[in-house]
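Hi there,

Here is the structure I promised to pass along. Have a look at it first, and my notes follow below.

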Amino acid sequence: MSVSSTGQKWDMNTALAIQFATQLLVALGAAWLLSRSSLTSILGRGFFVCIAVTLGTILFNVGNWNWWGFPLTTTLVNIVDVAVGWLLGGIVMAAIHKKKA
């Protein structure tokens with residue numbers, strides 16, 4: 001648990017803007033990686049994006065579980081949530097940017 005002795009101001013609008021910017025940056029990075037891959041099938045390209053982003057999430061979430069004692073169930077649900085979301089996002093990216101065989 002992280003505690004601030006002076007308290008913390010929290011603003012939903014700021015938090016949403018930061019989250020949107022973060023996800024957009026990751027999506028642009030994933031799209032760039034996807035454009036550099038030699039995969040041609042939409043499903044294969046979707047899994048490529050899923051694996052690329054999920055590896056980063058595993059690194060982050062397992063570290064929180066290991067060092068800060070986050071519950072294992074929370075860790076696993078977070079990883080699965082990211083994997084499913086980015087698989088769907090990767091399929092959409094692959095469908096939009098079709099690679100010629």
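Read along the sequence, the chain runs α-α-α, with three helices and zero strands; helices (H or I, at least four residues) and strands (E, at least two) are DSSP runs, numbered from the N terminus. Please keep in mind that this is a predicted model, where local features need pLDDT of at least 70, side-chain atom pairs count only at pLDDT 80 or more, and totals for chains, interfaces and linings use all residues. Residues are numbered from 1 along each chain as its sequence is written, and side-chain values use heavy atoms, with hydrogens and water left out.

On overall shape, the radius of gyration (over C-alpha atoms) is 17 Å, while a compact globule of 101 residues would have one near 13 Å, by the rule of 2.2 Å times the number of residues to the power 0.38. Along the principal axes, the C-alpha atoms fill a box of roughly 60 × 30 × 15 Å. Of the 101 residues, 21% count as buried, meaning under 20% relative accessible area with a 1.4 Å probe, protein chains only.

Now for helix α2, residues 42-68. The buried residues in α2 are Arg45, Gly46, Val49, Cys50, Val53, Thr54, Thr57, Asn61 and Asn64. Their cover includes α1 (12-36) and α3 (72-96). After α2 comes Gly69, with a positive phi near 75 degrees.

Best wishes

Methods. Expected span 1.5 Å × (residues − 1). Buried < 20%, exposed > 50% of the residue type's maximum accessible area, 1.4 Å probe, protein only. Contact = heavy atoms within 4.5 Å.
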